[in-house]
Amino acid sequence: MKITVIHGQSHKGSTYHIAHSLAQKLGGEITELFLPRDFDAFCTGCTACFGESETKCPHYKKLSPVTSAIDEADVLILASPVYVYHATGAMKALLDHYGWRWMVHRPEEKMFSKQAVCISTAAGAGMKSTNRDMADSAFWWGVAKIYKYGAAVAETSWERVKEKKKQKIDKKLSVLAQKIMRDSKNTKPAVKTKLFFSVMRQMQKRGFNEPDMIYWKDKGWTGKKRPWKKDAM
């Protein structure tokens with residue numbers, strides 16, 4: 001199993017320790033990326049990725065190693081501390097660069113067999129909205145199964161988090177890891193994902209953006225092929 005962890009911050013606080021712990025429980029090969037250290041660009045809104053090709057993005061070369069790490073992973077962990085009730089600016093900046101990969105445009109078929117976990121922590125609240133920031137992208141990428149885990153650690157430093165709370169978190173991570181490993185052999189997208197894909201498919205059959213229309217046609221998705229079926233890989 002390959003796990004890619006994308007940390008929405010470069011320091012190793014509570015969110016880092018929880019995400020890293022889950023990755024270790026899953027075992028296998030772990031790749032960890034830290035934002036903004038490993039990607040620090042902001043989307044310029046040029047729309048070149050939509051209208052022409054993702055290769056036309058001014059940050060394409062810088063983004064490529066992150067994209068490769070995402071594509072190679074069986075499990076993707078997106079982790080962000082709560083910043084004013086949302087994901088960090090660094091995480092949002094990264095996700096902004098993948099608009100072209102949403103189902104409405106040119107989704108990568110590998111995503112439809114992946115699992116993802118969105119992890120957030122806060123001293124108090126905001127985990128739900130922060131996880132939603134990341135889960136929205138994971139869903140529209142086509143990720144087959146998405147988990148969300150938020151922890152109110154009641155501290156701003158992992159070292160000061162009470163041991164009893166750490167033990168409680170560890171137990172929940174163990175249960176989550178077991179669920180992920182149980183489904184790793186046969187991960188298929190949920191009905192909601194298939195439904196949205198079907199809607200996007202009808203849009204692509206009519207055509208509204210030429211690069212997207214060509215992409216879907218070449219994949220065979222406007223016909224009988226589907227990205228979650230083995231013959232689509």
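Predicted model: local features only at pLDDT ≥ 70, side-chain atom pairs only at ≥ 80, totals over all residues.
1. Rolling a probe the size of a water molecule over the atoms shows where empty space is left. The largest cavity holds about 80 Å³ of space.

2. Lining of the cavity. The residues that line the largest cavity are C43, T44, G45, C46, T47, C49, C57, P58, H59, D96, H97 and W100. Sorted by class, this lining comprises 6 nonpolar, 5 polar and 1 charged residues.

3. The largest nonpolar core. This core contains 27 residues, and those with the most contacts inside it are I6, V66, I70, M91, L94, Y98 and W141. Two or more residues come from each of the helices α3 (60–72), α4 (89–96) and α5 (127–141), and likewise from the strands β3 (75–81) and β4 (115–122).

4. Surroundings of W141. Leaving aside residues up to four places away in sequence, W141 touches I70, L76, L95, Y98, R101, W102, P107, E108, M111 and F112. Two of these partners, I70 and Y98, are also listed among the core residues with the most contacts.

5. The largest pocket. About 420 Å³ of space lies in this pocket. It is lined by 21 residues, of which S113, K114, S184, K185 and T187 are the closest to its centre. The classes represented in the pocket lining are 7 nonpolar, 5 polar and 9 charged residues.

Notes:
Residues numbered from 1 in each chain as written. Heavy atoms only, no water. 1 Å grid on protein atoms, 1.4 Å probe; cavity = no way out; pocket = protein on both sides within 12 Å on 5 of 7 lines; lining within 4 Å. Points joined across faces, edges and corners; volume = space filled by probe spheres on them. Nonpolar A, V, L, I, M, F, W, Y, C, P; charged D, E, K, R; others polar. Core = buried A, V, L, I, M, F, W, Y, C linked by side-chain atoms within 4.5 Å. Buried < 20%, exposed > 50% of the residue type's maximum accessible area, 1.4 Å probe, protein only. Helix = DSSP H or I, 4+ residues; strand = E, 2+ residues; numbered from the N terminus. Contact = heavy atoms within 4.5 Å.
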